Amino acid sequence: MAFTQPALPFASDALESYGMKAETFEYHYGKHHKAYVDNLNKLVDGTELAHKSLEEVIQIAFGDSTKAGIFNNAAQVWNHSFFWNCLKPAGGGAPTGALAAKIDQDFGSFDKFKEEFSNAAATQFGSGWAWLVDDGGTLKVMKTPNAENPLAHGKKALLTIDVWEHAYYIDFKNARPAFIKNFLDNLVNWEFVAGNFAA
């Protein structure tokens, strides 16, 4: 059973008016994400991992130096598939309902959450990710290097932003903070995040 690349949840040009060009997805989805899927399939072909779920592969391979390549590619397949669902045209703004109340409870206010999330994304050295996670019933912000994700650390991911340079260089060049602000203001799919929170 080969791992497959899920379709984007929107047209590649759907975010053009919201700060992300179709060209970004041509490279980020069409080349980077696809390469992780292709590499993972080659690495697990003929092994017992070929018949595991993506989540199982990540958990089995994490921390095993003999499976570092498998972990990196499996986690990046999962991270990117998750990230695309965190985006939508005319997104951003603030969440509502139970998620909004929980953010207020655990961070003090939505503005405090945005500040903490933006700081984590901006200060992740080199390549990586910033996340909103459910950690045993408490919402927290965390950042992870390279391919690492909350799943590998036993936490539930609710929202992520990709801060590898290939995620934003076509649209924002080296201005990572501008990419982060645009993500929060115009792109976050809060319905997806709320669904993860409720699940």
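Predicted model: local features only at pLDDT ≥ 70, side-chain atom pairs only at ≥ 80, totals over all residues.
Now show the contact between them: 23 residues come from domain 1 and 27 residues from domain 2. About 2,200 Å² is buried there, with carbon and sulfur atoms giving 69% of that area.

Next, select Lys21 and Asp171. Their side chains form a salt bridge, 3.8 Å from N to O. The count of salt bridges between the two domains is one.

Select helix H1 (22-44), helix H2 (54-61) and H3: each supplies at least two residues of the side that touches domain 2. H3 gives the largest share, ten residues.

Move on to the sheet. Select strands E2, E1 and E3, in that order across an open, antiparallel sheet. E2 (138-145) and E3 (156-162) stand at the edges with a single partner strand each, so one side of each has no neighbour in the sheet. On average, neighbouring strands are turned by 25° against each other, direction ignored.

Zoom in on E1 (residues 128-135) and E2, which pair over eight bridges. What stands opposite Asp134 in E2? Leu139 does.

H3 (residues 68-85) lies across E1 and E3, at about 85° to E3. Helix H4 (residues 97-107) also packs on the sheet; H4 touches E1 and E2, and its direction makes about 80° with that of E2.

Key
Residues numbered from 1 in each chain as written. Heavy atoms only, no water. Pairing = 2+ DSSP bridges. Helix = DSSP H or I, 4+ residues; strand = E, 2+ residues; numbered from the N terminus. Axes fitted to C-alpha atoms, helices over the stretch in contact; angles between N-to-C directions. Contact = heavy atoms within 4.5 Å. Buried area = accessible area lost by both parts, 1.4 Å probe. Salt bridge = Lys/Arg side-chain N within 4 Å of Asp/Glu carboxyl O.
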